[in-house]
Structures are given as structure tokens and as C-alpha cells.
Amino acid sequence: MAKRILFVEDDNIEREAYQHQLEKAGFAISVADTGPKAVDMLGKEEVDLVVLDIMIPGFDGFHVLEKIKANPKTTETPVVVLTNLDDDKFLRRAIKLGATEYLIKANTLPSQVVAHIKRLLPN
């Protein structure tokens, strides 16, 4: 059975590009384009990993990350933050809240994101 990833991104083009790469790599993908939708989906679906943008509508990715780590059902779920917020204060905040990885979109190719995820979710 394929590992399931929740991909949280509001930009349609980016979301579709990453979704394609991840599906090509053998992962099952669910997508959310807002913070509330992501939290709702996590309450209904079991996922093996979350890829989370910070700047999303509804409430930001930090809030989503707090919700993930506060829920006993998802507290151990790895979260890869994938954002363009290239600032140490955002990195420190994400790690403090429980993010497993913090990747900068502009510095990371989709294939590199897939490689990070494969390392976190070995078969």
C-alpha cells in the first residue's frame, strides 16, 4: 500500500507540479489549499506525512503545525515545511513547533523534495 501524503499548498501550479512528482514516485496524495481544510482532512484521513506551506489562506501553516502536533492521533506524523519564507526566525519557529524538515521552495527542486520524503518514509 502506498504511503499517503497530505500536501498543503494554495498555489495551484505548484501543488499540481509537486503532486505529479510525488505520485510518480509512488505516493498517494491528498491535497488541501487552506489551513482549515488541512486540519479538517487530518481529522478524517490517516496520513504518513504532511508537506506544509506556511503562507496559506484561512490560517497559516504554523497554526496547522500546532494542530498536528497537539493531536495525539497525528503528533508523530512527520511534517515537511515547504515555503519561500527564507528567514531563520521562521525556521526556528517551525522546528520548535515540531517540523521534521524546513525546505525553501526557491532552493529545492521537486525531485529533491521527493528524495527528502523518501528518506523520511522508507518502504
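1. Basis. Residues are numbered from 1 along each chain as its sequence is written, and side-chain values use heavy atoms, with hydrogens and water left out. Because the model is predicted, local features need pLDDT of at least 70 and side-chain atom pairs pLDDT 80 or more, while totals for chains, interfaces and linings use all residues.

2. Aromatic pairs. The whole structure contains two (ring centres of Phe, Tyr or the six-membered ring of Trp within 6.5 Å; stacked if the planes are under 30 degrees apart, edge-to-face over 60, tilted for the rest). Phe-7 and Tyr-18 are stacked, because their centres are 5.4 Å apart and their planes at 25 degrees. This pair joins strand β1 (residues 4–8) to helix α1 (residues 12–24); helices (H or I, at least four residues) and strands (E, at least two) are DSSP runs, numbered from the N terminus.

3. Second pair. Phe-62 and Phe-90 are also stacked, at 6.2 Å and 20 degrees. Phe-62 belongs to helix α3 (residues 61–70) and Phe-90 to helix α4 (residues 88–97). Phe-62 is buried at 2% relative accessibility, whereas Phe-90 is partly exposed at 23% (buried is under 20% relative accessible area, exposed over 50%, partly exposed in between; 1.4 Å probe, protein chains only).

4. Strand β4. Five of the five residues of β4 (residues 79–83) are buried, so the strand is largely enclosed by the rest of the structure. Val-79, Val-81 and Thr-83 point one way, Val-80 and Leu-82 the other.

5. Neighbours of β4. Strand β3 (residues 49–52) pairs with β4 in parallel over three bridges, where pairing takes at least two DSSP bridges. Leu-52 stands opposite Val-81. Four bridges join β4 to the parallel strand β5 (residues 101–104), with Leu-103 as the bridge partner of Leu-82.
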